[in-house]
Amino acid sequence: MSSRRENKITPLTNAVLNAGFILLSLACVLPVILVIIVSITHNDSLLDRGYSFIPEKFSWIAYESLFKDYSTILGAYAVSIGVTIAGTILSVIFMALYAYPISRQDYPFRGIFTFILFFTMLFSGGIVSKYIVFTQTIGLLDSYAALILPLLIVPFNVIIMRTFFQSTIHPALIESARIDGGGELLIFIRIVLPLSLPVMATMALLSTIVFWNDWFNALMFIRTEDKYPLQYLMMRVLNDVQFMRANVQLAAQNPQMMSDLPNESLQMAMAVVGMGPILLVYPFFQKYFVKGLTVGAVKG
Amino acid sequence: MKGKTVVQGVSLRSHSRSGTALFFHLLWKYRYLTMMMLPALIVLLLNNYLPMFGVFIAFKNINYVDGIWKSPWVGFDNFTFLFSSGSLWRIARNTVLYSLVFMVFNLGLSVAIAVAINELRGRLLAKGYQTFLIMPYFLSMVVISYLTYAFLNPDKGFLNTTVLELLGKDHVFWYSEPAYWPYILTLVNAWKGVGIGAVIYIAAIAGIDPEYYEAAVIDGASKWRQIFHITLPSIQPIIIIMTILSMGHVFNSDFGLFFQVPMDSGALYPVTDTVDTYVYRVLMQMNDIGMSSAAALVQSILGFIMVILTNSAVRKINKDQALF
């Protein structure tokens, strides 16, 4: 123990490093704090001094008007929550059901099915081909399925699950359960799943983040406004305003049009509403993410 | 390997069966395991394999009247258009250069942070910093585009109204000035990725045997020498693997970063247009299926080659780390 202590850095170096990390941590959170502050800044302060960390006047009007016209935003929230829950549950179940057979040493077709999974990591048809297949062949244009299907199977995560099953579930356990007359599905549900809860939790959390944060599939496949998930609604709001503002600048700065644009604290309130849930929960679940990431990095 | 042994074991027990009979016997015996895989197999088929077969549209002149099957074949015409469009060089250069810069920049910062966080005296503080540093990773690119907009908004953004004001400089119209965007994009990408990247190296450093450091202390090695002769060499394999793996994606770009953060601003295309944003724009805004599918196919093929090359490079260095 004493030799470890001697090997510590000097208090001065420690102080310098801590100062550096405090700055880095600030660099990570300050943008988020700025957006939160702008969302509760009074419009007069915004016109006067722009976005600032210490505004003169505060106002909750952005949130009030956001939730006054609540049908749009609540609808988007509902779509996001629904897609995230359905997507996460299906994703974890489908991936586990695929990972388990290819983890079984006695399963004779594990080679071919591992390859089928693995080849998708090597070659992709690309987004155009996928767009044509989704919209023309299987008719998913403007359906919720188009938000879920593309993100269901992450081959890399299936391989992590397979490795977990291989290293955690002893074959003798499965063998004895089979002698006791358990069917394969029963063995999987009664024996394999309870022993695999850590990896299941990690995968569920990874999926939750991916589904909640996805907007690309909505951009590609969703056309009707009441099917917009929250992230995509946020994207539309920001881009539409920016488009108008850019054109206003070109059109000789007409002040009347500028004042008709949606209030800027309102936009930022949307960003807060969009990132809120993730920011509230991630500190409690971060260790699972870290676990998932490091498992993946050590051996795929 | 082990799977094969078992198959032979089975065939020994029933050596009178022919190969086909054995196959069907095994198929029947393990039918429940195979059936468990069906849902995921259907997803893979719809999501990955149908689009793979769909790449033939790059050789067709798709029109919606004839549909994808009856539209006429045009050979390599779409590729000729793509190569003569003049955009190819720009999007290829942007994609590859940004990938390389991001790779080097993020790697350097991640490793430096991991080494430094490991040297901190207070473990609790280190955990606290880590929590803050990985926070950006959990935000979507749409949220991040709002954050950048809060800084870069021309009339009210924090940079123009506060920072440049304090420095006594003129306001900058960020979304129409390409010169700044290589730096902005590199910074935003690092902001999102460095913390989570460091986590991997922190875990690798935590796995180093403490005896090395104890021996180094007895030999009177300074902290710097320990870092350069123990810490960095110990995590070198994982650094190499991570680098090579990201080489496999050198022709891919983060669509959100290049499309949403610059808010699809046309003035910035010279420095923000990558293969992915180009393919999206040509497909969705210009409705040119031919040229976009040609560009996407070129990207897929180059990506395939890169993955194969990088994997064989990983294999040479460390067989266990190779993907296949």
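This is a predicted model: local features need pLDDT of at least 70, side-chain atom pairs count only at pLDDT 80 or more; totals for chains, interfaces and linings use all residues.
User: What is the secondary structure of chain B, in helices and strands?

Analyst: Chain B contains 17 helices and 0 strands.

User: Is chain B compact or spread out?

Analyst: Chain B is more spread out than a compact globule, because its radius of gyration is 26 Å, well over the 20 Å that the globule rule gives for 324 residues. Along the principal axes, its C-alpha atoms fill a box of roughly 85 × 70 × 30 Å.

User: How is chain B divided into domains?

Analyst: Domain 1 of chain B covers residues 2-58, and domain 2 covers residues 80-321.

User: And how far apart are the C-alpha centres of those two domains?

Analyst: In chain B, the C-alpha centres of domain 1 and domain 2 are separated by 39 Å.

User: What share of chain B counts as buried?

Analyst: Of its 324 residues, 38% count as buried. As for contacts within chain B, taking those with a separation of 6 or more, 65% join residues 24 or more positions apart.

User: Turning to one helix, what is the extent of H11 in chain B?

Analyst: Helix H11 of chain B runs over residues 181-206, which is 26 residues. From its first C-alpha to its last it reaches 37 Å, close to the 38 Å expected at 1.5 Å a residue.

User: Where is the kink in H11(B) centred?

Analyst: The kink in H11(B) is centred on B:Gly193, and its angle is about 40°.

User: Now chain A. Which domains does it have?

Analyst: The domain assignment of chain A gives domain 1 as residues 1-59 and domain 2 as residues 69-298.

User: How many residues are in contact between them?

Analyst: In chain A, 7 residues of domain 1 are in contact with 7 residues of domain 2.

User: Which helices supply the domain 1 side?

Analyst: Helix H2 (11-39) and helix H3 (43-49) of chain A each supply at least two residues of the side of domain 1 that touches domain 2. H2(A) gives the most to that side, with 4 residues.

User: What is the make-up of that side by class?

Analyst: The side of domain 1 of chain A that touches domain 2 of chain A has 4 nonpolar residues, 3 polar residues and no charged residues.

User: Last topic: how many residues are in contact between chain A and chain B?

Analyst: Contacts between the chains involve 90 residues of chain A and 85 residues of chain B. On the side of chain A that touches chain B, 56 residues are nonpolar, 25 are polar and 9 are charged.

How values were computed
Residues are numbered from 1 along each chain as its sequence is written. Chains are lettered from A and ligands numbered from 1 in the order in which they are written. Domain bounds come from an automatic or database domain assignment. Two residues are in contact if their C-beta atoms, placed from the backbone, lie within 7 Å. Ala, Val, Leu, Ile, Met, Phe, Trp, Tyr, Cys and Pro count as nonpolar, Asp, Glu, Lys and Arg as charged, and the others, Gly among them, as polar. The expected span of a helix is 1.5 Å times one less than its number of residues. The bend at a residue is the angle between axes fitted to the seven residues ending there and the seven starting there. The radius of gyration is taken over C-alpha atoms; the globule rule is 2.2 Å times the number of residues to the power 0.38. A residue is buried if 20 or more other C-beta atoms lie within 10 Å of its own, exposed if 12 or fewer, and partly exposed in between; C-beta atoms are placed from the backbone.
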